[in-house]
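Biologist: I'd like to learn how to read helix packing and ring pairs in a model. Can we take them one at a time?

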Amino acid sequence: MSFGARLLLGLVAGLFGAVMFLAAPPGTDSKAIGFYAFGVFCLLIAIACFTSGRVRQFIGSVIGCSIFLVGVTYLVAELSSGKLLGSTNPSAYNAAKYLLFIGMPGIVYAYKVRFGFRKSP
């Protein structure tokens, strides 16, 4: 990505992360944990935008693995709910599409760069 695109994405992601931390409900209930998790995710994107080399590859791999694991969890939750693909609820189909189009590229990126521990060519 160009410097301008990385700068814009990094600033917006950092702002979203800060807002998620500030908007989190007080306490340690499950809603607050969701806010904090999304805030950390946004801050990781911001850090990846402003770094380079192995640090960017490592953080990108963490992000890629995270979105893959979210996709797997989403798909398993939808399939275990008892509503299969043929039902009127298309959530399992949507979970499979998420995993295919978003989760798989994330895990492929993590495998390709091996968390930044791959030797440079």
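Biologist: At what angle do H1 and helix H2 pack, and how far apart are their axes?

Modeller: Two packed helices are described by the angle between their axes and the distance between the axes. Here H1 and helix H2 (residues 30–50) pack at about 155 degrees, with axes 7 Å apart. Axes are lines fitted to C-alpha atoms, for helices over the stretch in contact, and angles run from 0 to 180 degrees between N-to-C directions. Helices are DSSP runs of H or I, at least four residues, numbered from the N terminus.

Biologist: And how does H1 run relative to H2, roughly parallel or roughly antiparallel?

Modeller: That angle makes H1 roughly antiparallel to H2 (under 35 degrees is roughly parallel, over 145 roughly antiparallel, 65 to 115 roughly perpendicular, the rest oblique). By class, their contact has 19 nonpolar, four polar and one charged residues. Nonpolar covers Ala, Val, Leu, Ile, Met, Phe, Trp, Tyr, Cys and Pro; charged is Asp, Glu, Lys and Arg; the others, Gly among them, are polar.

Biologist: How confident is the prediction for the protein chain?

Modeller: This is a predicted model, where local features need pLDDT of at least 70 and side-chain atom pairs count only at pLDDT 80 or more, while totals for chains, interfaces and linings use all residues. Residues are numbered from 1 along each chain as its sequence is written, and side-chain values use heavy atoms, leaving out hydrogens and water. The protein chain averages a pLDDT of 88, and 90% of the residues score at least 70; pLDDT is the predictor's confidence in each residue, from 0 to 100.

Biologist: Now the rings: how many aromatic pairs does a search of the whole structure find?

Modeller: A pair of aromatic rings is described by the distance of the centres and the angle of the planes. The search finds four pairs. Rings of Phe, Tyr and Trp (its six-membered ring) pair if their centres lie within 6.5 Å; planes under 30 degrees apart are stacked, over 60 edge-to-face, the rest tilted. Take Phe21 and Tyr36: centres 5.5 Å apart, planes at 35 degrees, so the pair is tilted. This pair links Phe21 in helix H1 to Tyr36 in helix H2, 15 residues apart.

Biologist: Is Phe21 buried or partly exposed?

Modeller: Phe21 is partly exposed at 33% relative accessible area, and Tyr36 is partly exposed at 32%. Buried means under 20%, exposed over 50%, partly exposed in between (1.4 Å probe, protein chains only).

Biologist: Which residues do ring pairs link into a cluster?

Modeller: Phe58, Phe115 and Phe117.

Methods. Helices (H or I, at least four residues) and strands (E, at least two) are DSSP runs, numbered from the N terminus.
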